[in-house]
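Take a moment to look over the protein shown here.

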Amino acid sequence: MEALKHLFGIADLSKEQIEHLVNLGDSFIDINRRPIKKAPTLRGKTIINLFFENSTRTRTSFELAGKRLSADVINISASTSATSKGESLLDTGQTLAAMQPHVLVIRHSLAGTCEFLAEHLEHTAIVNAGDGAHEHPTQILTDLLTLKQAWGSPEGKTMTIVGDISHSRVARSHLLAAKKLGYHMRVVAPKTLLPSEVERYGCEVYHNFDEALPGSDVVYMLRIQTERLTDACAFPSIREYHEAYGLNAKRLKAAGEDCIVMHPGPMNRGVEISSDVADSLKSHILNQVEHGVAVRMAVLATLCGGHPEEKPVSKKKSSDEVKQAQGSLL
Ligand code: CP
C-alpha cells in the first residue's frame with residue numbers, strides 16, 4: 001500500500017488506504033473509552049490545527065486525537081491569527097511550517113487550499129479538515145467507521161443523502177467513497193440545491209424524499225449551508241423545506257425497520273431533522289462524533305509514522321487486522 005504523505009480528499013485514496021485508516025481508527029476506539037486516555041504513539045510530534053472556518057467536532061476531535069496520542073497540539077483560528085492583520089494564506093502557512101510541525105490540519109472556505117499549501121511546504125504533512133464545498137475526508141472516514149461498527153462493511157448497502165448537496169463537501173466525499181467501496185448513493189434535494197452534473201458520480205437522483213426512502217439502509221441528513229448559499233430563493237421557506245425534506249419519525253417508517261440515521265453535524269433541529277429522530281435509537285449521530293476522535297488518531301498516526309510497538313491494540317482485533325495496522329506504520 002502506498003504510504004500517505006498528505007490527506008487532501010477521498011479522491012486521492014485507494015480502497016486499501018481507506019480501509020486501512022478505518023480499521024486503524026477501529027483499533028483506537030478502546031483507548032478513548034479507558035479511564036486514562038493516553039498512548040505514547042506520537043510523543044515528540046507537533047500538530048497545528050489551523051481553522052479559517054468555525055468547527056466544533058472536527059477541531060476538537062483533532063485536538064483530542066493528537067493529545068491522546070501524546071503529541072503537542074496547537075490550535076489557531078482565523079480570528080486570532082495574523083491573517084486578520086492582512087497576512088496571506090501562503091505567508092501564514094510558511095510561518096507555521098518554519099516552526100517545524102509534523103502535521104498541519106487546515107479548514108478553509110476555499111477548495112484546494114491544502115493542495116496549494118502542500119506545494120510550498122515541503123516537510124509538513126497536510127490534512128484537509130474541510131475545504132469549501134470540495135471535500136471533508138476525515139468526516140467520511142468517521143462515517144465509514146460508524147458503518148463498520150453497525151454492519152461490518154458498507155458494501156452493497158444504500159445510503160440516501162438528503163439536503164443541500166450543492167454546497168456539501170460531505171456529500172461529495174461520500175459520492176467518491178461509495179464508488180471505491182461499493183455502496184449505493186441516492187441523493188435527495190430540491191433542484192436548486194443539487195449540482196447539475198451529480199449523476200456522473202453514479203448515484204440515483206430524487207427530488208421527492210418519500211420516494212427515495214424505501215430500500216434505504218442509512219438516511220444521511222445534511223444541514224443547509226447558509227454560509228455558502230448565494231441564491232436567496234433556493235427554497236421558499238424553512239417551514240416548506242422541513243415539510244418536503246425534513247426527517248421525522250413518521251416519515252422514516254417508509255425506510256424500513258433496520259434503517260439507521262446519520263448526520264455530520266451541526267444539526268438544525270426542526271429544519272432538516274426532528275428531535276424524534278435525532279434522539280431516537282435509530283440515530284448514530286453521537287457514534288459518529290465518538291468515532292471522529294478515533295479516526296483522526298488513525299490519520300495522525302499514519303501521517304506521523306507512529307511506532308508500531310507503541311500503538312495501542314484493541315483486544316477485539318484479529319491477528320490479521322493487527323498485522324495490517326502495524327504494517328502501515330512502518
Ligand atoms: N461535521 C463537522 O465538520 O462538524 P464541525 O463543523 O463542527 O467540525
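The model is predicted, so to speak with care, local features need pLDDT of at least 70 and side-chain atom pairs count only at pLDDT 80 or more, while totals for chains, interfaces and linings use all residues. Residues are numbered from 1 along each chain as its sequence is written, and side-chain values use heavy atoms, with hydrogens and water left out.

**The pockets**

Rolling a probe the size of a water molecule over the atoms shows where empty space is left. Here, on a 1 Å grid over the protein atoms alone, a pocket is an open set of points where a 1.4 Å probe fits, with protein on both sides within 12 Å along at least five of seven lines; lining residues have an atom within 4 Å of a point. A volume is the space filled by probe spheres set on the points.

The largest pocket holds about 420 Å³ of space. Its lining has 21 residues, and Arg 107, Arg 169, Arg 223, Gly 265 and Pro 266 are the closest to its centre. Domain 1 (10–136 + 288–304) and domain 2 (137–284) both give residues to this lining, so the largest pocket lies between them. These domain bounds come from an automatic or database assignment.

The second largest pocket has a volume of about 200 Å³. Its lining takes its largest share, five residues, from α1. Helices such as this one are DSSP runs (H or I, at least four residues), and strands are runs of E with at least two; both are numbered from the N terminus.

**Helix α11**

The 20 residues of α11 (residues 285–304) should span 28 Å at 1.5 Å a residue, and the end C-alpha atoms are 29 Å apart, which agrees. The expected span is 1.5 Å times one less than the number of residues.

Most residues other than glycine have a negative phi, and most peptide bonds are trans. The table lists some exceptions.

| Site | Backbone value |
|---|---|
| Ser 70 | phi near 75° |
| Gln 100 | phi about 65° |
| Gly 265 and Pro 266 | cis peptide bond, omega about -5° |

Is Gln 100 buried or exposed? At 56% relative accessibility, Gln 100 counts as exposed. Pro 266 sits in the loop between β9 (260–262) and α10 (275–278).

Terms used
Buried < 20%, exposed > 50% of the residue type's maximum accessible area, 1.4 Å probe, protein only.
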